[in-house]
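Subject: Structure handover, salt bridges

Hi,

Here's the structure I said I'd pass on. Have a look at it first, and then read my notes below.

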Amino acid sequence: MATTQLTDALLVKNYIAGDENALVILIKRHQSKIYGFIYSKINDRDLADDIFQDTFMKVIKTLKSNSYNEEGKFLPWVMRISHNLIMDYFRKNQKMPMVRETDEFSIFSILQETSPNVEKRIISELIEKDLQKIIMELPEDQREVLTMRIYQDYSFNEIAELTGVSINTALGRMRYAIINLRKVIEKNQIILTN
């Protein structure tokens, strides 16, 4: 069997057993999805490169320390690591976008053009933070499906395959996640209006 045909789980097992090439195959297999996800959240190539590298440093550290126990869910596990690193970055930097001044671009032109939209941006960021908190209240299986569908843009077929459940189960989890999100949002709106 060609090494490129091996499952993620078998490649992980081979890497833990000392086959360094197995990790190279895993990285090549998933790098476009993982990097694309990171870049879609960061929108800065250098920073996305750093987070991508940090993600795989954590992957290597976990695999080498024999504390990996995701049972065939390698890609969702790596995506979770990258998501956590992105969230850490935003927490440390309080979501302030990094803008570099160049000959073609001046920070002053942006400040003048976008100042009326600053309020909209702040509101949008607050809504995103609130949504993240609400999503964290969902049961793990619902949160996983919702995150993979909305933030990582997986199809339900891919979600079913990656999480090891049927497509109907994945759809059901998404449905319950949305129902539960609505309940929490409605409850919070009631609290806010009182």
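Below are my notes on the salt bridges.

This is a predicted model, so to speak of local features I needed pLDDT of at least 70, side-chain atom pairs count only at pLDDT 80 or more, and totals for chains, interfaces and linings use all residues. Residues are numbered from 1 along each chain as its sequence is written, and side-chain values use heavy atoms, with hydrogens and water left out.

Searching the whole structure turns up 7 salt bridges (a side-chain nitrogen of Lys or Arg within 4 Å of a carboxyl oxygen of Asp or Glu).

One pairs E20 with K64, at 3.1 Å from N to O. E20 sits in helix α2 (residues 20–42) and K64 in helix α3 (residues 45–64), 44 residues apart. (Helices are DSSP runs of H or I, at least four residues, numbered from the N terminus.) E20 is partly exposed at 44% relative accessible area, while K64 is exposed at 52%; buried means under 20%, exposed over 50%, and partly exposed in between, with a 1.4 Å probe and protein chains only.

Next, E158 and K33: their closest N and O atoms are 2.8 Å apart. E158 is in helix α8 (residues 156–163) and K33 in helix α2, so this pair ties together parts 125 residues apart in sequence. Both E158, at 29%, and K33, at 33%, are partly exposed.

Then there's E140 with R143, at 2.5 Å from N to O. These two share helix α7 (residues 140–151), 3 residues or about one turn apart. E140 is partly exposed at 42%, whereas R143 is buried at 18%.

Cheers
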